[in-house]
Amino acid sequence: MVLKLYDTLTRGVRDVFPMDEQTVRFYGCGPTVYGPAHIGNFRTFVMQDVFRRVLETSGQKTFHVRNLTDVDDKTIRQSQEEGLKLEDFTNKWTARFRKDCKLLNLMSPHAEPSAVSHIPEQISLIQRLIDAGKAYQASDGSVYFKVGAFSEYGRLSRLADREITTNETSRESSDEYDRESAADFALWKARRVEDGENYWESPWGQGRPGWHIECSAICMKHLGESFDLHSGGVDLVFPHHENEIAQVEAVTCKTFARHWFHIAHLMVEGQKMSKSLGNLYTLEDLEEKGYKPEEIRYLLLSGNYRQPLNFTFDSLGAARKALSKLTDFSRKFQIDQSPGKSLGTDFGDFHSVQEALLKDLNTPEALGRLFKIIRELSEAFERDEFNGKEDEMNRIRNGFRTTMDAFGLQLKVKDEEPVEIPLEIRNLAERRWEAKIAKDWGLADQLRGQLFNRGWLVKDGKDSFELAKV
Ligand SMILES: [Zn+2]
């Protein structure tokens, strides 16, 4: 049982297997913690989670690393605007990201390193690149990667026939420094006035690392010079992943990641997501509209990851219906889905669902098969075919639980009991509501964080709020 997955580097579907014959070691580029992640970001994280679950439910061990970008232009600028220390600012958004991940039932990575906690590793990688003649310090103090000195550059994104310099993203072009060639990108950015106190000492003077070197250095530290799979949204193929490969392979002369897994864009109501269109929905935005995280998760995994997925409110409604069918099935077969320590591995009657998942993570096909199976089993149940056949019932229960583990769907089978809210929690929540009304967003966020840390979620309505257990 091997997962076959499309590989962006070779443009073909290839087996995913561990090079050490034991554990599939993989990396996913994490969020920049300067604001809430939107559902487009979460499409990538949900699909990476399904990737891991499909491996684990087929009995494969995994080691998952996802970074946190806690220093870059955006985090620095935004923290200054809010008058917060960079660390306090990024801690706040890291907590929010983790909360959202938990709500979406994403498995926690085995390691979640941040850029700021890996400055020495980034400096030493830059030094290795300079020593190898692949990087240089320019007159402004910044250090650049010499793209012309790495002949493999452009292999992942197939840029050979195109003009690399015209494909620069806004993220890069916003950092105009004194470089030898327009294609060269910054490894170390010399301190500028607008960086304030956000700088580190290095052999090239005060400054901070570039974004690309962060992922390369973190991968090398936590996964080694060569590992099994690297992943991210399709918008990261160029320049980010291309640069990550260059920075590592230029000094190790080894294959950096053996497999590249990219997830296509999310559209909203047929349109590209953008700030100006106001459709960069966060989990909180959708919860305020009455949608549940599990419905959002279902929708995000309902499309093929290689195709753009159109997020619509109609499809969220369809997700709700689909989940209620699964819940009905669970009730009928009395399936207890309390989360176990590890994921199930026995699909039983649902093995054809697993087959679809192992075939390039074909989640829409897998869901189609799942509903066909539960319809047939439900009909058999209605005909009383399982009466007295407890072994058969148990096989179905196990298979269904494993299938839900693979999709990461946590069904709420039991009706929720009313929960008692302690007075201090109620008081904290009242204070947060007052801060929100007073538009003191900093304090409101801080109190929301405190509530979350004590296990409570706040859901705002129009004129009041509700509290729920995390
Ligand atoms: Zn990255």
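This is a predicted model: local features need pLDDT of at least 70, side-chain atom pairs count only at pLDDT 80 or more; totals for chains, interfaces and linings use all residues.
Numbering runs from 1 along each chain as its sequence is written, and side-chain values use heavy atoms, with hydrogens and water left out.

The zinc ion is coordinated by Cys 29 (SG), Cys 215 (SG), His 240 (NE2) and Glu 244 (OE) at 2.0 to 2.7 Å. Donors are N, O and S atoms within 2.8 Å of the metal (3.2 Å for Na, K and Ca), and sites may look incomplete because water is not among the atoms. The angles among the four donor atoms span 74 to 129 degrees, and the site is classed as irregular. Under the criteria applied, four donors are tetrahedral if all angles lie between 85 and 135 degrees; four are square planar and six octahedral if opposite donors are over 155 degrees apart and all others between 65 and 115; anything else is irregular. Distant parts of the chain are linked by the pair Cys 215, in helix H6 (residues 211-223), and Glu 244, in helix H7 (residues 237-252), which are 29 residues apart. Helices (H or I, at least four residues) and strands (E, at least two) are DSSP runs numbered from the N terminus. Cys 215 is buried at a relative accessible area of 1%, and Glu 244 is buried at 0%. Buried denotes under 20% relative accessible area, exposed over 50%, and partly exposed in between (1.4 Å probe, protein chains only).

The chain contains 15 helices and 15 strands, and 54% of its 470 residues count as buried. Among contacts with a separation of 6 or more, 76% are between residues 24 or more positions apart; contact means heavy atoms within 4.5 Å.

The largest nonpolar core comprises 77 residues, and those with the most contacts inside it are Phe 51, Leu 326, Phe 350, Leu 361, Leu 370, Phe 400 and Phe 407. Such a core is a set of buried Ala, Val, Leu, Ile, Met, Phe, Trp, Tyr and Cys residues joined through side-chain atoms within 4.5 Å. Helix H1 (residues 39-57) gives the most to this core, with nine residues. Beyond its neighbours within four places in sequence, Leu 370 is in contact with Leu 326, Phe 350, Val 353, Phe 400, Thr 403, Met 404 and Phe 407. Another core, of 43 residues, lies apart from the largest one and includes Ala 111, Tyr 153, Met 220 and Ile 245.

Asp 49, located in helix H1, has a relative accessibility of 4%. With residues up to four places away in sequence not counted, Asp 49 touches Asn 105, Leu 106, Met 107 and Arg 297. Arg 297 belongs to helix H9, in which nine of nine residues are buried (residues 293-301). Asp 7, in strand S1 (residues 4-7), is buried at a relative accessible area of 0%. The side chain of Asp 7 reaches the backbone nitrogen of Trp 260 at 2.9 Å.

Notes: A polar contact is a pair of N or O atoms within 3.5 Å; within protein, one must be able to donate a hydrogen and the other to accept it, and residues adjacent in sequence count only if both atoms are side-chain atoms.
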